[in-house]
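Subject: Structure handover

Hello,

Here is the structure I promised to pass on. Please open it alongside this message, and then read on for what turned up.

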Amino acid sequence: MASEPTALSAVPSPRPQIGPFAQLIFGSRWLQLPLYVGLIIAQGVYVLLFLKELWHLVAHSFDASEQQIMLIVLGLIDVVMISNLLVMVIVGGYETFVSRLNLSGHPDEPEWLSHVNASVLKIKLAMAIIGISSISLLRTFIEAGNLGTTRSNFTETGVMWQVAIHLTFIISAIGIAWVDRLSGSGHRKVGHG
């Protein structure tokens, strides 16, 4: 009767020893921690700004025009989008560049976090910036009817510059996505070649 092979017990392999200079370089990623804490504080400031604008909307809802209410609501949306951008940078950046958050299996784990890397984060940030710029541009277009009057906060040149900057954001995002796609396909060719 042949004896069955015994399964090897799962013994964790020892961590590779790295030199002190390599430890210093690798450990320097923790210098980013205060930056992420600062962004969390900035997000708290945006929450206060949102509540202030929301209170302003509720308090003046009966004496404000539809256009004024729409501008306040667009301002609220702008604050939410900037806050979403902060969350992406805080969570995605920390996970990518500092340390794992070990959220796998957590019911509130963001869907996008499982496949985030520096490249995906850049594209998501570019898209968020375009969204924020779009809201700002929409607010400008709503107020554009007042151009040339004392009630206008904008000039024709200012509006044209906003459109040009928005288009620059769009072109930049397309460029980032294109370069990412090229570098991704290059990695696939190398891996399969």
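The side chain of R29 has a polar atom 2.8 Å from the backbone oxygen of F26. Bear in mind that this is a predicted model. R29 also lies over the face of F26, 3.9 Å from the ring centre.

Where is R29? It is in the loop between α1 and α2. R29 is buried and yet has no salt bridge. Setting aside neighbours within four places in sequence, R29 is in contact with F97 and V98.

Which residue does pair with E95? That is R100, which forms a salt bridge with E95. The closest N and O atoms of R100 and E95 are 3.1 Å apart. The two ends of this bridge sit in contrasting surroundings. R100 is exposed, at 58% relative accessible area. E95 is buried, at 12%. The count of salt bridges comes to 1.

Now the aromatic rings. How many aromatic pairs does a search of the whole structure find? It finds 2. One of them joins W30 and Y94, edge-to-face, with 6.3 Å centre to centre and 75° between the planes. W30 lies in the loop between α1 (20-27) and α2 (33-59), and Y94 lies in helix α3 (residues 66-98), so this pair ties together parts that are 64 residues apart in sequence. W30 is partly exposed, at 37% relative accessibility. Y94 is buried, with a relative accessible area of 16%.

Y94 also pairs with Y36. That pair is edge-to-face too, at 6.1 Å centre to centre and 85° between the planes. Y36 is in helix α2 and Y94 in helix α3, 58 residues apart, so the pair links distant parts of the chain. Are Y36 and Y94 buried or exposed? Both are buried. Taken together, ring pairs link W30, Y36 and Y94 into a cluster.

Next, a residue in helix α2: E53. E53 is partly exposed, at 23% relative accessibility. Not counting residues up to four places away in sequence, E53 touches I72 and L76. E53 and V79 are 26 residues apart in sequence. Their C-alpha atoms are 9.5 Å apart in space.

Last, the overall picture. What kinds of element does the protein chain contain? There are 5 helices and 0 strands. From the N terminus on, the elements run α-α-α-α-α. The protein chain has 193 residues, and buried residues make up 23% of them. Among contacts with a separation of 6 or more, 69% are between residues 24 or more positions apart.

Best wishes

Conventions. Residues numbered from 1 in each chain as written. Predicted model: local features only at pLDDT ≥ 70, side-chain atom pairs only at ≥ 80, totals over all residues. Heavy atoms only, no water. Phe/Tyr/Trp six-rings, centres within 6.5 Å; stacked < 30°, edge-to-face > 60°. Helix = DSSP H or I, 4+ residues; strand = E, 2+ residues; numbered from the N terminus. Buried < 20%, exposed > 50% of the residue type's maximum accessible area, 1.4 Å probe, protein only. Lys NZ or Arg CZ within 6 Å of the ring centre and 35° of its normal. Lys, Arg positive; Asp, Glu negative; His and termini not counted. Salt bridge = Lys/Arg side-chain N within 4 Å of Asp/Glu carboxyl O. Polar contact = N/O pair within 3.5 Å; in protein donor to acceptor, adjacent residues only side chain to side chain. Contact = heavy atoms within 4.5 Å.
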